[in-house]
Amino acid sequence: AGQLDMITDTFNKLVNSCHAKCISTRYLEADLNKGESVCIDRCVAKFFAVNTKVGEQMQQIGSQRQ
Amino acid sequence: MAANPWVCPIYLPGKEPGLEALSPEERYQMTQVKYWSDMTSAAMESCPVKTAMSGVLGFGLGGFFSLLSASFAIDDPLRRSNLQAAAMAANPGQAAPPEMTTMQQTRAYFKETGKQMYRSGKGFGKVGALYAGIECCIEGFRAKNDLTNPVLAGFLAGGILARNAGPQAIVGGGLAFAGFSGAIDWYMRRPSASDDDD
């Protein structure tokens, strides 16, 4: 249950930040156009890359402290 | 799950809402349908398909316009006689070339029209495919969807189309095409005039 909580939390953060970055507030149709799809692909990849890097750094700091 | 209530929830694979009434087989069919429709819409957005579609549409449009202009052109009734007179003058002493029957003349006319349609269609098709391809690539590279995509693509396409006519023509043609495509995209992007609810 805790794991699912974490995953849902990460997913929601990902959706929020990539939506804020990639999708403009003015749009005329419901489908994602090509620019937005490409932006979302890159955003998700960067999010996970940053996630893993930050996790590694925090692990290092944690292991240094102990 | 005290997460943000306004964001997409995660559903486990067997428990999507709205599908409880379906049997597992129907559910599988729905997932298949969704998969293929997603693939199709993704393919429609891809650059090669967009280029090809624009090329084909341009070809059709060019042929149609050429057909219209050919139907407006008035055929000179004395053209055949003038051609015959010129042929006789060019080859003195030889017999006059035989006059074509009406059927042959009609066939020749349609062949000419067809060739003209094909030529004009090729030109329009090249323009359309070039512009669509460049715009798709620029949009894919920038990952943004705004007005500078069509303007830049128009400039490059206009420049490429005028590549044989000197640097001034390249820049001028590019600017004209850029302005034209930018104006069209600006028009298509205007917020539609909808009445506000009272």
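Predicted model: local features only at pLDDT ≥ 70, side-chain atom pairs only at ≥ 80, totals over all residues.
Two residues count as being in contact when they have heavy atoms within 4.5 Å of each other.

View 1. Residues are numbered from 1 along each chain as its sequence is written, chains are lettered from A in the order in which they are written, and side-chain values use heavy atoms, leaving out hydrogens and water. Here, 17 residues of chain A touch 21 residues of chain B. Among the chain A residues, A:Asn12, A:Leu28 and A:Lys34 lose the most area to chain B, together 33% of what that side buries.

**View 2. How much gets covered up.** Buried area is the accessible area (1.4 Å probe) that two parts lose on being put together, summed over both. For chains A and B that comes to about 1500 Å², with carbon and sulfur atoms giving 61%.

**View 3. The helices on chain A's side.** Helices here are DSSP runs (H or I, at least four residues), numbered from the N terminus. Helix H1 (2–22) and helix H2 (34–65) of chain A are the elements that each give two or more residues to the side touching chain B. H1(A) supplies the largest share, eight residues.
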